[in-house]
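Look over the chains before reading on. The report below takes them a piece at a time.

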Amino acid sequence: MSRATSSPARLIGAHAVLIAYTVIALFPVLLIVMNSFKARNAIFRSPLTPPTPETFDPVGYTTVMAQGDFLLYFQNSLVVTVGSLFFVILFGAMAAFALSEYRFRGNTLTGLYLALGIMIPIRLGTVAILQLMVASGLVNTLTALILVYTAQGLPLCIFILSEFMKTVSDDLKNAGRIDGLSEYRIFFRLVLPLVRPAIATVAVFTMIPIWNDLWFPLILAPSEGTKTVTLGAQIFIGQFVTNWNAVLAALSLAILPVLVLYLIFSRQLIRGITSGAVK
Amino acid sequence: MSLDDQPIKRPFRWHIVVFLAPAFFVYTAFMIVPLFGTLQLSLFRRVDQQSVYVGLDNFRMLFGDPRWSVNFWNALWNNVWFFIIHMLVQNPIGVLLAALLSSPKLRFRAFYRTAIFIPTILSFVIVGFVWKLILSPLWGVAPNLLDLVGLKSLFTPWLGKEEYALTTLSLISVWQFVGIPMMLIYAALLSIPDEVIEAAECDGITGLSQFWKIKLPLILPSIGIISILTFVGNFNAFDLIYTAQGALAGPNFSTDILGTFLYRAFFGFQLQLGDPNMGAAIATMMFFIILAGVCVYLFTIQTRLRRYQF
């Protein structure tokens, strides 16, 4: 709370609350990562101490590497996430451009139709999606996941990007038209580079739920060759539930990639939220 | 879909079709059509390998047959409780953290923001298992921590007790998602112009009363949006319960919510066979519940919240 006279006492109070909550937010994550490097005895005897040279033991990680095909799961997750992201951004930006740039009959209606998916979760259509995938032979393929996630990500992407594209100056686009650029070139060469910050924000928002999703991998692609990291970790932990080293190591391995991505993009994400991209 | 309104004056603008078609096609084929396909499936039943139209029979069974209706009302009530906890705990904490974050001259602001948002980016699988381990009486982290503050007697295996399990899981979900209200409220607080705050200060309104009288009314629209996002997210939740308690949503269905109920009806569990048509009927009910919530928000709450333009 901003005050004209923000006394040091109040600032200290604010810091105290924020530090307390930061500890609550980070403690579980730290605990898991810390203990994943310890020997089994040490995990149980003193869960709250960081690994020391005596208690250090990477046995959990070796078990995970030997038992689960995590490299393959990781690759699957990467293919699905990057693939969906590419199509969401490309198709979404194209549609957003059409909706914000041209006036045509049905413009508002099309916009509303495409925005419907922001409020109604795609999960409710699962029964019919599975039937559709069975009918088209796409069950247990990564393509099925990419298609569903593309549909899932499009509404928000179109909504946010069309707001941003409205702010691109008309003079610039008209200058391009006078110079004989086609509408496609105006979109790809002029508009797309100008909305790059907005695209980065959309990318982060689209990426996290796709990477973390358990529902659709579980239903559409549960086979060994198409498991994503999230599903792979879920099943692995279910099987190794008594092997604490392996469970903790698998959890740490699942945390790490998202954490790294988040730390790289966190500025972008926070700037995107605070600049009103989702308001 | 007719895209062109001036067919005589100009040639048909094909580029609009080209720009819109991919998104329109993918979205329609994999979101809208399945959604209505599911609504339609709920009116059919499989009899001898044949799909037969049965009208509202599936819904009659869902509400009339105690084998289904008991579970349905249990899941719905649990889901409502799940939502109430989020509204009472997650959103006030989010507002508090955002208000503190926006205090002037606060240092390490970016660090706090980044750190508090970290749980939100983790997958449900991680969150579910991490908390399961921490609360496990086997490992003893939770009792040890309670011992440090002398409250060890309070410890029970929360996730294993019928009366506590759902509340515990709701609080875990709150822990995970508190970053979202925090960020959105923080953004709303930042967008309040300095002149408004200065005017309030000239009138001698500072400190807490400034927050209650000036800032809170200005961020009410954001709180409205957060409430409806929470509603949609909660009534669509599945992953956390599934990873922490399994598809049976134990102990004794005390943590069963609509998402896990749908999963069991659709895929079956243990002795019960999966039934896509009953699954579709449950999904249809979820659709109407979410639709009703969104309509209440759009037509009553949002129109009454005054938006201030600066």
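In strand 2 of chain B, Ser51(B) is the bridge partner of Arg46(B). Strands here are DSSP runs of E, at least two residues long, and helices are runs of H or I, at least four residues long, both numbered from the N terminus. Strand 1 (residues 44-47) and strand 2 (residues 50-53) of chain B pair in the antiparallel sense, over 4 bridges. To pair, two strands need at least two bridges found by DSSP. The two strands of chain B form a hairpin with 2 residues between them. In the turn, Asp48(B) has a positive phi of about 50 degrees.

This is a predicted model: local features need pLDDT of at least 70, side-chain atom pairs count only at pLDDT 80 or more, and totals for chains, interfaces and linings use all residues. Residues are numbered from 1 along each chain as its sequence is written, while chains are lettered from A and ligands numbered from 1 in the order in which they are written.

Now the contact between the chains. On chain B, 78 residues are in contact with 72 residues of chain A. Contact means that the C-beta atoms, placed from the backbone, lie within 7 Å. Helix 1 (residues 14-41) of chain B gives the most to its side, with 16 residues. The table sorts the residues on the side of chain B that touches chain A.

| Class | Members | Residues of chain B |
|---|---|---|
| nonpolar | Ala, Val, Leu, Ile, Met, Phe, Trp, Tyr, Cys, Pro | 54 residues |
| polar | the others, Gly among them | 17 residues |

Trp14(B) is in helix 1 of chain B. Is Trp14(B) buried or exposed? Trp14(B) is exposed, because 11 other C-beta atoms lie within 10 Å. The cut-offs are 20 or more such atoms for buried, 12 or fewer for exposed, and partly exposed in between.

Turn to chain A. Helix 1 of chain A bends by about 40 degrees at Leu26(A). The bend is the angle between axes fitted to the seven residues ending there and the seven starting there. A proline, Pro28(A), follows within four residues. Buried residues in this helix include Ala14(A), Leu18(A) and Pro28(A).

Key: Contact = placed C-beta atoms within 7 Å.
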